[in-house]
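Reader: Here is a structure I would like to go through by question and answer. Please keep to what the model shows.

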Amino acid sequence: MLVIAHRGASGYAPENSLTAIAKAIEMQVDAIEIDLHCIEGELLVIHDRWLHRTTRASGQLRDYSLEALRQIDAGDGHPIPTLWEVLSLIDGQTDLNLELKCENALLPTLKTLDRAVTEQNFTPGQFLISSFNHHLLNESVTIQPKYATGALTASCPIDYATFAQTLGCYAIHLDIDFVNQAFVKDAHQRGLKVFVYTVDEPADIAFLEELGVDGIFSNYPDRALHSVKQSGD
Ligand code: G3P
Ligand code: MG
């Protein structure tokens, strides 16, 4: 079972910060998940539209110029990172899951990943683009099929993983509250991987290993790696 650092090693450092990314690399995670917004064509690594939860600023991202946003501390003494800064830090050392939080993030993301494959030590297979906006995933597969996609859902649809197969996805990214054996079985029968978020408790990890899921997103990836190693999976 793969362990994916959720928003970096966000249990130990401010989420989506360069420090959280660096800690996840140190922990030798299988992959890192980050959230992306796009302002003035620049990709910023931050989860919320609103700034108050993760920074000392207030208001929404769209209330600020890119220049002003780049002055805001992400919580670790560094500015809110750009995607390029995160890619430069990772430089192919781990895989990266890019969760698109807004519609205008897709095209700049594809362009930035192409640049990372050319200028850094990444291969296209190290990237996984995900979103709750399935239209974006459809568009991504059409424009650039070399980057795998993961369909996010916080539901247990009536026809299980059918939608992800229809979208040509590689994986389904599922909220732990909605995972069950039938869903996992259906996804696997359709050739889809199942990655579950957000998983920090040993009992949840044991339950998901029992279900045979392929990976988990964790805020405490070192603990998750330890549990997974102990069970020999
Ligand atoms: O990508 C998995 C998970 O991060 C999805 O939900 O709200 O944490 O971005 P959220
Ligand atoms: Mg996310």
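Predicted model: local features only at pLDDT ≥ 70, side-chain atom pairs only at ≥ 80, totals over all residues.

Reader: What is the radius of gyration of the chain, and what does the globule rule give for 233 residues?
Author: The chain has 9 helices and 9 strands. For 233 residues the globule rule gives 17 Å, and the chain comes close to that, so it is as compact as a globular protein of that length. The C-alpha trace spans about 50 × 40 × 35 Å along its principal axes. The radius of gyration itself is 17 Å.

Reader: What percentage of the residues in the chain is buried?
Author: A residue counts as buried under 20% relative accessible area. Of contacts between residues at least 6 apart in sequence, 55% join residues at least 24 apart. With 233 residues in the chain, the buried share is 54%.

Reader: Which residues surround ligand 1, and how do they divide by class?
Author: The residues around ligand 1 are H6, R7, E33, D35, H47, E99, K101, F132, L152 and Y197. By class, the shell has 3 nonpolar, 2 polar and 5 charged residues.

Reader: What percentage of the accessible area of ligand 1 does the protein cover?
Author: Oxygen atoms of ligand 1 have polar side-chain atoms at 2.7 Å in H6, at 2.7 Å in R7 and at 2.8 Å in E33. On its own, ligand 1 has 290 Å² of accessible area, and the protein covers 90%.

Reader: R7 lies in a loop; which one, and what is its phi?
Author: R7 is in the loop between β1 (2-6) and α1 (18-26). Its relative accessible area is 16%, so R7 is buried. Most residues other than glycine have a negative phi. R7 has a positive value, near 60°.

Reader: Is N16 buried or exposed?
Author: N16 is also placed in the loop between β1 and α1. Its phi is near 60°, a positive value in a residue other than glycine. The relative accessibility of N16 is 1%, so N16 counts as buried.

Reader: Which form does the peptide bond from Y197 to T198 take, cis or trans?
Author: T198 is placed in the loop between β8 and α8 (202-211), and Y197 is among the residues around ligand 1. Most peptide bonds are trans. With omega near -20°, the bond from Y197 to T198 is cis.

Reader: Where is L100, and how far apart are the C-alpha atoms of L100 and H47?
Author: L100 is placed in strand β4 (residues 95-100). At 3% relative accessibility, L100 counts as buried. Leaving out residues up to four places away in sequence, L100 touches L36, A105, L106, T109, I129, S130, S131 and L136. Although L100 and H47 are 53 residues apart along the chain, their C-alpha atoms are separated by 9.5 Å.

Reader: Which residues does L113 touch, not counting residues up to four places away in sequence?
Author: L113 lies in helix α4 (residues 106-119). Its relative accessible area is 0%, so L113 is buried. The C-alpha atom of L113 is separated by 12 Å from that of G92, 21 residues apart along the chain. The residues touched by L113 are L87, L98, F127, I129 and Y147.

Reader: With which side chain does the side chain of Q60 make a polar contact?
Author: Q60 lies in the loop between β3 (42-45) and α2 (66-69). At a relative accessible area of 9%, Q60 is buried. Not counting residues up to four places away in sequence, Q60 touches R49, W50 and L51. The polar contact, at 3.0 Å, is with the side chain of R49.

Reader: Is G191 buried or exposed?
Author: G191 lies in the loop between α7 (181-189) and β8 (193-197). Its C-alpha atom and that of P79, 112 residues apart along the chain, are separated by 40 Å. A residue is exposed over 50% relative accessible area. G191 has 60% relative accessibility, so it counts as exposed.

Conventions: Residues numbered from 1 in each chain as written. Chains lettered and ligands numbered in written order. Heavy atoms only, no water. Near = heavy atom within 4 Å. Polar contact = N/O pair within 3.5 Å; in protein donor to acceptor, adjacent residues only side chain to side chain. Areas by Shrake-Rupley, 256 points an atom, 1.4 Å probe, with all protein chains shown as cover. Nonpolar A, V, L, I, M, F, W, Y, C, P; charged D, E, K, R; others polar. Helix = DSSP H or I, 4+ residues; strand = E, 2+ residues; numbered from the N terminus. Rg over C-alpha atoms; globule rule 2.2 N^0.38 Å. Buried < 20%, exposed > 50% of the residue type's maximum accessible area, 1.4 Å probe, protein only. Contact = heavy atoms within 4.5 Å.
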